[in-house]
Amino acid sequence: MANRRLSLRTLVFFGGATLMLAPAMATATLYTAALERRGEELQVEKLATRGELSANLLARRLYGVWMDVARMADLIDPADLANAREHIKFLSRLDGRYSWLGIADLEGKVLAARDGMLEGASVAQRPWFRRGLDAPTAVDVHEAQLLASLLPVSAEPYRFVDLAAPLRHDGSVAGVIGAHLNWKWVEEGMAALQAPGIDVLLLSRDRTVLFGPTDVVNKRLSVGSAFAASRVTSAFSSERWSDGNDYFTVIVPSVGFADLPSFGWSLLVRQNADDAMASTRELIRTFWFILGAGAVVVLMLLLCAAQWLRTPLLRLSEAAEAILVDPGSRPPHQETRFEEAARLSDALAHMQSKLLGRFQP
């Protein structure tokens, strides 16, 4: 039994499909991979830009109030308590960002303060006082301690950023002016930096979330980007968070402006990876759909071309087989589709004529 061979149509169809589609698929795979990488890079650039702008805006706002306290120190003379109280009263009414504003002498005794709060009390052990004796300073956010019993009852604990600067009299340090900046003012500034689908998280030195989504606020992060925040200049990572979602995360390692003292804060800007890449992946899906539709059309045309090539050769082979059986059978079809088939058709016709002449009496 003769070995069954592939037909010309099969060879043309599958051979042509392989030669055309294999390079196309390989190129398309490389292209879509490059497109996805570029989409990630664009998202990272967007997040990095937002992070840098957010850090700069937050730092500038803090720098402004820090400088305001430093300027107050130039206006207040601790030797004139009546005048100092007037200044504090005026500034407290003018600026509602401060929950407490007051001055203390070199021993740490509060001489004058907003609404008389803590007057006569000692703040000698408070970090803002000790640092404020030397230069304008700022102290990281903390909960109210001495003021806790003097402020209105609140469902949430009061939190402040402490600002301080030395007071001078006759060219010498005579005390310290201190201000407790209400943390809600910082939170309001951070809330204004948020964007739909993008979270800007404020981290403390020990990786505790000071501001961010409610499910992570006041929690210490254990994701890799949080550990890297204090050790890098800038970085990007794609990682899974505790909520089970994958996020693109950009690290802004410091929040500072000019000579504003460092709080040790850093920013993490994150975006859900699926949301971030949705438009790019939709573009890739559309590309594959168009490529697939084009491939179907190409295969259909290739099948038609294979059939077009096969038909004359099939007719000629059938005619040749018939001539072998009966030289007087019907003459081969006159093929004109392509030169090789036409030549073969003419050759078979001449061969049939010769055979007929040989067998005729």
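## Aspartate 140 and its partners

Leaving aside neighbours within four places in sequence, aspartate 140 is in contact (heavy atoms within 4.5 Å) with Phe160, Phe263 and Trp265. The side chains of aspartate 140 and tryptophan 265 also make a polar contact at 2.7 Å. That term stands for a pair of N or O atoms within 3.5 Å; within protein, one must be able to donate a hydrogen and the other to accept it, and residues adjacent in sequence count only if both atoms are side-chain atoms. Along the chain these two residues are 125 residues apart, while their C-alpha atoms are separated by 8.7 Å.

Aspartate 140 sits in strand β3, residues 137-143. With a relative accessible area of 23%, aspartate 140 is partly exposed. Here, buried means under 20% relative accessible area, exposed means over 50%, and partly exposed lies in between, using a 1.4 Å probe and protein chains only.

## How to read the model

This is a predicted model, in which local features need pLDDT of at least 70 and side-chain atom pairs count only at pLDDT 80 or more, while totals for chains, interfaces and linings use all residues. Residues are numbered from 1 along each chain as its sequence is written, and side-chain values use heavy atoms, with hydrogens and water left out.

## The chain as a whole

Let's step back to the overall picture. The chain has eight helices and ten strands; these are DSSP runs numbered from the N terminus, with helices being H or I of at least four residues and strands E of at least two. The chain is more spread out than a compact globule, because its radius of gyration is 42 Å, well over the 21 Å that the globule rule gives for 361 residues. The radius is taken over C-alpha atoms, and the rule is 2.2 Å times the number of residues to the power 0.38. Along the principal axes, the C-alpha atoms fill a box of roughly 150 × 35 × 30 Å.

Of the 361 residues, 40% count as buried. Among contacts between residues at least 6 apart in sequence, 56% join residues at least 24 apart.

## Two residues of helix α1

Helix α1 covers residues 8-75 and includes threonine 32. Threonine 32 is buried, with a relative accessible area of 8%. A polar atom of its side chain lies 3.0 Å from the backbone oxygen of threonine 29. Beyond four places in sequence, threonine 32 is in contact with Ile284, Phe287 and Trp288.

Glycine 16 lies in helix α1 too, and is buried at 16% relative accessible area.

Serine 225, found in helix α5 (residues 224-228), is buried with a relative accessible area of 2%. Its side chain makes a polar contact of 2.4 Å with the side chain of glutamate 239. Apart from neighbours within four places in sequence, the contacts of serine 225 include Trp241, Thr249 and Leu268.

Leucine 201 belongs to strand β6, residues 198-203, and counts as buried at 0% relative accessibility. With neighbours within four places again set aside, its contacts include Trp241 and Leu268, along with Val209, Phe211 and Arg270.
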